[in-house]
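Here is a short report for a first look at this protein. Have the sequence and the 3D view open as you read.

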Amino acid sequence: MDKLKILLQDNLNIEFRSAVLSNPRQKDIAEKIKVRPLLSKEKLIFQIETFRNHQAFHRNVESGEACMLLLKEMENMRQLQMETAKCLYTILVSKKGKVTIKKKALVCGRKEIDLSHNRKKRYILEEGVPVPFLKDLGVMTEEGKIVHSRFDKFRQINRFLEFIEDILPELDKDRELTVVDFGCGKSYLTFAMYYYLHECKGYDIRIIGLDLKKEVIAHCSQLGKKYGYEKLTFLEGDIAGYTGVEQVDMVVTLHACDTATDYALAKAVGWGGEGYLIRPLLSA
């Protein structure tokens, strides 16, 4: 654990953004742990949130103690995902205790975070940072301000990305990943996935959006080309008849009517995707 200790000591500072410890060996010790920085009486501290038995336990500590606590927790956890102002780190711990550290430079930065206890909710896609697809879809202005009538959509997109953020430790960064989005509609969430995973997190990602509406698919295809999203494809078709890929890492779909959800589940199981996400109440 010496490499991990040095990594934590070097990064538990003002540039630290967040960390998630996951994949426990014993869930009764902790199911998941989240870490975030806070500023208390002009002093930088770290809030460690431990999830156990459907409860969350909080502890605020200074950097030195935070380092020791996280090292101790990693004796039980197999993965640690840590983000700083400049890099994303993935730490894997084998059964024999071997530590593997993967580092990826972030290609899209965020604004400085608010370190106060009573800070506003942090959104993954933040107001004030212009995002091309959000502007074209009418959610943001040219300056990055959220259109008042579209704030619910902005919040829904960010909530969806939080689900994606939770499974980042399960996604392999060493190969191309394939995601299929059934019933993508106007593709707010499809564009959000590609932007977040490829542009912000540096994953080699291929996303296929599928919908029955020909005009919607044509419009989304034009936008994808406009942004230079080379591995984002939109196709006209239904869930049951799609056979365009043999292996899929993640399936995303609306909460569909009739038998569409059954078809989507069957496809996901057949492909053996790592994560299957249903996004109910998020209209296209």
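Over which residues does pLDDT stay under 50?

## Confidence

That stretch is residues 275–284, for which the model has 39 contacts beyond four places in sequence. A contact means heavy atoms within 4.5 Å. pLDDT is the predictor's confidence in each residue, from 0 to 100. Where pLDDT is low, the predicted coordinates should not be read in detail.

This is a predicted model: local features need pLDDT of at least 70, side-chain atom pairs count only at pLDDT 80 or more, and totals for chains, interfaces and linings use all residues. Residues are numbered from 1 along each chain as its sequence is written, and side-chain values use heavy atoms, leaving out hydrogens and water. The protein chain has a mean pLDDT of 83. In it, 83% of residues reach 70 or more. Helices (H or I, at least four residues) and strands (E, at least two) are DSSP runs, numbered from the N terminus.

## Helix H2 and its surroundings

Ala66, Cys67, Leu70 and Leu71 of H2 are buried. Buried means under 20% relative accessible area, exposed over 50%, and partly exposed in between (1.4 Å probe, protein chains only). Seen down the axis of H2, the buried residues fall within an arc of 130°, so they line one face of the helix. The arc is that of the directions from the helix axis to the C-beta atoms. Their cover includes helix H1 (2–11) and strands E1 (16–24), E2 (32–40), E3 and E4 (55–61).

Strand E3 (residues 43–52) holds glutamine 47. Glutamine 47 is buried, at 12% relative accessible area. Beyond four places in sequence, its contacts include Lys34, Leu38 and His58.

## Two nonpolar cores

A nonpolar core is a set of buried Ala, Val, Leu, Ile, Met, Phe, Trp, Tyr and Cys residues joined through side-chain atoms within 4.5 Å. The largest has 43 residues, and Leu125, Phe133, Leu161 and Phe191 have the most contacts inside it. Helix H5 (188–200) is among the elements that each supply at least two residues of this core. H5 gives the largest share, 10 residues. A second, separate core of 26 residues includes Ala30, Met74, Leu80 and Cys87.

## Cysteines

The structure holds zero disulfides (pairs of cysteine sulfur atoms within 2.5 Å). The sulfur of cysteine 184 is 5.8 Å from the closest cysteine sulfur, in cysteine 220, too far for a bond. Cysteine 184 is buried, at 1% relative accessible area.
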